[in-house]
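Visitor: Could you walk me through this structure and show me how to read its features?
Guide: Gladly; let us look at it together.

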Amino acid sequence: MAVIQLFNEIGTIFRNTPTFAIVLEIFLLITVIWLLLHKRGGGRRRRFTKEEEDSIIENYEPEPLVGETDPNHPLLRTRMVTSKVGKRINVDGHDCLNLGSHNYLGFLEDQDILEEACKSLRKYGVGSCGPRGFYGTMDVHLELEERIAKYMDLEEAIVYSYGFSTVASAIPAYAKRGDIIFVDEAVNFAIQKGLDASRSMIVYFKHNDVKDLERMLVEQEKRDQKNPKKALKTRRFLVAEGIYMNTGEICPLPELVALRKQYKLRIFVDESISFGTLGKGGRGVTEHFNIDRNEIDLISAGMEGSMATIGGFCVGSHFIAEHQRLSGLGYIFSASLPPMLTQAAISALDRFEREPQIFKQLQTNARLLHKIFSHFSKLRLCGDELSPVKHLYLALPLENNEAEQKLLTEVADKCIARGVAVVEAAYLQDREHKPVRPSIRIAVNRLLEESEIAAAFDIIESVSSAVL
């Protein structure tokens, strides 16, 4: 009776179950049985003799870890510096006026900052040899973070030990797979690496073209209307630089902030060049445009320019900083910033607050150099007049970037031989989002005098006219 009852119950189940479900279950059952019974490797493998095995092992050639490297690649070419880096520098045995180092405020030569750093060296030693979470946090690190937050009039700051890793860690700490990031196509390489690490959908808009950005935002809004459930889960970010390293141009921040409000974006601004150079107090592009810094979700900056040290920082709300302490890979896994260099940054901030006229001096020199360098006959100057970073391009473009790079390298070499240290901008062209046109990158120093700028112009004009 029990067997008959069991078969009746099974029959009832089959009658009440849809046919497609029964077929699917039978198919899955057959698949599981096949996987269990089928031998690995798809049947019998051929067995090699001992001689054949020895021959295969002997002739095995593993693939190289990296491909062949071009020995003439510009990034492998070094120029030897045999002096302290400052307004003047000795390159390959030539004493030169330095227009290549990003020492905008001239703090590399500041004796007070040097002495304070040496005192810190005697107290703390060379470094911590550990990340911030593992005996790497010292009182100078906390003091610097507090000082930066106070200086920028924001809640909290977090300090990284390397400028490149700052923005490259901050972006993937917030943006994840499924998010959308709208990015200016001219952003620097560190930002691009942060975008890669985020695994988000990246949408590039034309450089400093607000209309092109708005067009893309409108298109995204239409897509969101078609799929409102997905739109609710998708976060949108906007990433820009205060002053673009690759162009020397200032971002149109007021227009970007307006779009941020209209389309509900989270905006990140990298101020590695604009911090300490723009605004009456050197607070960057937000002060330059008189925009409330609370309108910016995250401000990041490298300290390797105006502050003449290394490392970087992010500043914003308490949540912004605290989240990175748990999610910023460059913060979590890197040894902390050496205390002596942390003290150098604190001393630089002291100068920022004590002598705000230094920013006006730098901006005056940037305008002066821009005016003088705009008159080259074979070269064309690009960049904002206030920017301490400017680019010199060939006035008449050549058919390819490699040919332009060789000519600019020759110009730079001959300028060094005649006492002006300039450097051609170097890029990993095969890794950049889009090929960057070769240029000579000029860095303005607050300590430059008008006569020195004029003399540099004469030498570069003479060399470029002869080479080109």
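Guide: Let us begin with burial: buried means under 20% relative accessible area, exposed over 50%, and partly exposed in between, using a 1.4 Å probe and protein chains only. Lysine 87 counts as buried because its relative accessibility is 15%. Please keep in mind that this is a predicted model, where local features need pLDDT of at least 70 and side-chain atom pairs count only at pLDDT 80 or more, while totals for chains, interfaces and linings use all residues. Residues are numbered from 1 along each chain as its sequence is written, and side-chain values use heavy atoms, with hydrogens and water left out.

Visitor: With which residue does lysine 87 form a salt bridge?
Guide: A salt bridge here is a side-chain nitrogen of Lys or Arg within 4 Å of a carboxyl oxygen of Asp or Glu. The partner of lysine 87 is glutamate 452, with the closest N and O atoms 3.2 Å apart. The two are 365 residues apart: glutamate 452 is in helix H18 (residues 450-467), and lysine 87 is in the loop between helix H3 (50-59) and strand S1 (88-91). Helices (H or I, at least four residues) and strands (E, at least two) are DSSP runs, numbered from the N terminus. Glutamate 452 is buried, with a relative accessible area of 18%.

Visitor: How many salt bridges does the structure hold?
Guide: There are 30. One of them joins aspartate 179 to arginine 235, at 2.7 Å between the closest N and O atoms. Aspartate 179 counts as buried at 4% relative accessibility, whereas arginine 235 is partly exposed at 29%.

Visitor: Which residues does threonine 234 touch?
Guide: Contact means heavy atoms within 4.5 Å. Leaving out residues up to four places away in sequence, threonine 234 touches Gly178, Asp179 and Ile180. Threonine 234 sits in the loop between helix H10 (228-233) and strand S6 (236-241), and counts as buried because its relative accessible area is 10%. A polar atom of its side chain lies 2.8 Å from the backbone oxygen of lysine 230.

Visitor: Is glutamine 324 buried or exposed?
Guide: Buried, because its relative accessibility is 0%. Glutamine 324 belongs to helix H13 (residues 318-327), and its side chain reaches the backbone oxygen of isoleucine 320 at 3.3 Å. Its contacts beyond four places in sequence include Ala170, Ala173 and Tyr174. Those three are among the buried residues of H7, a helix spanning residues 163-174 with 11 of its 12 residues buried.

Visitor: How is the chain divided into domains?
Guide: Domain bounds come from an automatic or database domain assignment. Here domain 1 is 76-107 + 357-467 and domain 2 is 111-352. Their centres, taken over C-alpha atoms, are 26 Å apart. Domain 1 gives 28 residues to the contact and domain 2 gives 30.

Visitor: What area is buried between domain 1 and domain 2?
Guide: Buried area is the accessible area (1.4 Å probe) that two parts lose on being put together, summed over both. For this pair it is about 2300 Å², with carbon and sulfur atoms giving 61%. On the domain 1 side, Phe107, Phe359 and His433 lose the most area to domain 2, together 30% of what that side buries. The rule finds one salt bridge across this interface.

Technical notes: A polar contact is a pair of N or O atoms within 3.5 Å; within protein, one must be able to donate a hydrogen and the other to accept it, and residues adjacent in sequence count only if both atoms are side-chain atoms.
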